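Here is my note on this one, written for someone opening it for the first time. Have the sequence to hand while you read.

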Amino acid sequence: MYLTVIAAALANSSVRTLSQQEELPLLRDHLLRLDRNSRRDRFHGFMDDSFIERYAEKCANDGTTIIAFFENGVVRGAAELHPPDQSPDSLPEIAFSVEASVRRRGVGSILFRKLITVARAKGYKSLRITTGAQNEAMRALASKFGAQLVFRHGESTGTIDLTKQDDTELATTWVESSLNAARTVAKFNRAYWQMLLRMYGWGRAA
């Protein structure tokens with residue numbers, strides 16, 4: 001039953017790093033689809049479309065790495081890895097956004113694991129994360145991955161020590177395996193029902 005649920009949620013999904021040419025249109029369109037509350041959680045306050053368009057353009061030109069979660073070919077979630085030279089404390093900063101339509105499917109965890117793997121491959125030792133005071137889901141996710149968060153000035157800010165993320169490769173393999181397993185189960189389910197239809201003579205041409 002559980003694997004069937006996972007299959008339904010992930011069978012048409014994939015995760016990959018966007019190329020620089022893809023970042024502006026795909027990240028921009030994803031962020032523009034965020035509802036009012038999601039925009040508030042992502043940017044610690046409501047931001048209008050013009051701000052989001054400028055923000056996406058900046059990300060596409062300043063070396064930010066975007067890891068995207070696709071569903072049916074559309075970006076529904078994104079993890080941002082901003083280079084350290086963009087931060088006042090020279091720490092690479094990370095941010096996440098997930099559209100309401102794919103929440104409660106583990107998308108945030110999938111993106112987080114992939115982002116940690118990419119960050120370690122770049123040689124980063126720690127990451128900084130900042131989230132709004134009302135974004136409980138993001139605070140819980142950050143804590144799950146070892147972030148030590150401190151609340152001040154209406155925000156929760158913390159760091160993640162990548163040298164303690166020893167299970168990152170295993171977790172990433174699990175993510176990729178889960179996606180592959182989901183697709184396999186979905187194909188099996190389709191084949192199973194097609195077999196039943198043939199057995200009972202349903203679906204045949206008259």
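1. Ground rules. This is a predicted model, where local features need pLDDT of at least 70 and side-chain atom pairs count only at pLDDT 80 or more, while totals for chains, interfaces and linings use all residues. Residues are numbered from 1 along each chain as its sequence is written, and side-chain values use heavy atoms, with hydrogens and water left out.

2. Overall layout. The protein has seven helices and seven strands; helices (H or I, at least four residues) and strands (E, at least two) are DSSP runs, numbered from the N terminus. Reading from the N terminus, the order is α-β-α-α-α-β-β-β-α-β-α-β-β-α. Of the 206 residues, 44% are buried, where buried means under 20% relative accessible area, exposed over 50%, and partly exposed in between (1.4 Å probe, protein chains only). Contact here means heavy atoms within 4.5 Å. Among contacts between residues at least 6 apart in sequence, 65% join residues at least 24 apart.

3. Helix α3 and its surroundings. Which residues of α3 are buried? They are Ser38, Arg39, Asp41, Arg42 and Phe43. These buried residues pack against α2 (20-33), α4, β3 (74-82), β4 (93-98) and β5 (126-132). At the start of α3, a side-chain oxygen of Asp35 comes to within 3.2 Å of the backbone nitrogen of Asn37. That falls inside the polar contact limit: a pair of N or O atoms within 3.5 Å, and within protein one must be able to donate a hydrogen and the other to accept it, with residues adjacent in sequence counting only if both atoms are side-chain atoms.

4. α3 against α4. Two packed helices are described by the angle between their axes and the distance between the axes. For α3 (residues 36-43) and α4 (residues 49-61), the angle is about 45° and the axes are 13 Å apart. Axes are lines fitted to C-alpha atoms, for helices over the stretch in contact, and angles run from 0 to 180 degrees between N-to-C directions. The two helices are therefore oblique to each other, as angles under 35 degrees count as roughly parallel, over 145 as roughly antiparallel, 65 to 115 as roughly perpendicular and the rest as oblique. The crossing of α3 and α4 is left-handed, meaning that the near helix is turned anticlockwise from the far one by less than a right angle (clockwise would be right-handed). Arg39, Arg42 and Phe43 of α3 meet Asp49, Phe51, Ile52 and Tyr55 of α4. By class, that contact has four nonpolar, no polar and three charged residues; Ala, Val, Leu, Ile, Met, Phe, Trp, Tyr, Cys and Pro count as nonpolar, Asp, Glu, Lys and Arg as charged, and the others, Gly among them, as polar.

5. α5 against α6. The axes of α5 and α6 (residues 136-144) come within 11 Å and cross at roughly 45°, so this pair is oblique as well. Here the crossing is right-handed. On the α5 side the contact uses Gly108, Ser109, Phe112 and Arg113, and on the α6 side Met138, Leu141, Ala142 and Lys144. These split into four nonpolar, two polar and two charged residues.

6. Ser109 sits in α5 (residues 107-121). Is it buried or exposed? At 11% relative accessibility, Ser109 is buried. Leaving aside residues up to four places away in sequence, Ser109 touches Leu141, Lys144 and Phe145. With Lys144 there is also a side-chain polar contact of 3.0 Å.

7. Two positive phi angles. His44, in the loop between α3 and α4, has a positive phi of about 60° although it is not a glycine. His44 is partly exposed at 33%. Asn72, in the loop between β2 and β3, likewise is not a glycine and has a positive phi of about 55°. Asn72 is exposed, at 56% relative accessibility.

8. Asp89. Look in the loop between β3 and β4 for Asp89, which is partly exposed at 38%. The Asp89 side chain makes polar contacts with those of Ser87, at 2.4 Å, and Arg128, at 3.1 Å. Asp89 and Arg128 are 39 residues apart along the chain, with 9.3 Å between their C-alpha atoms.
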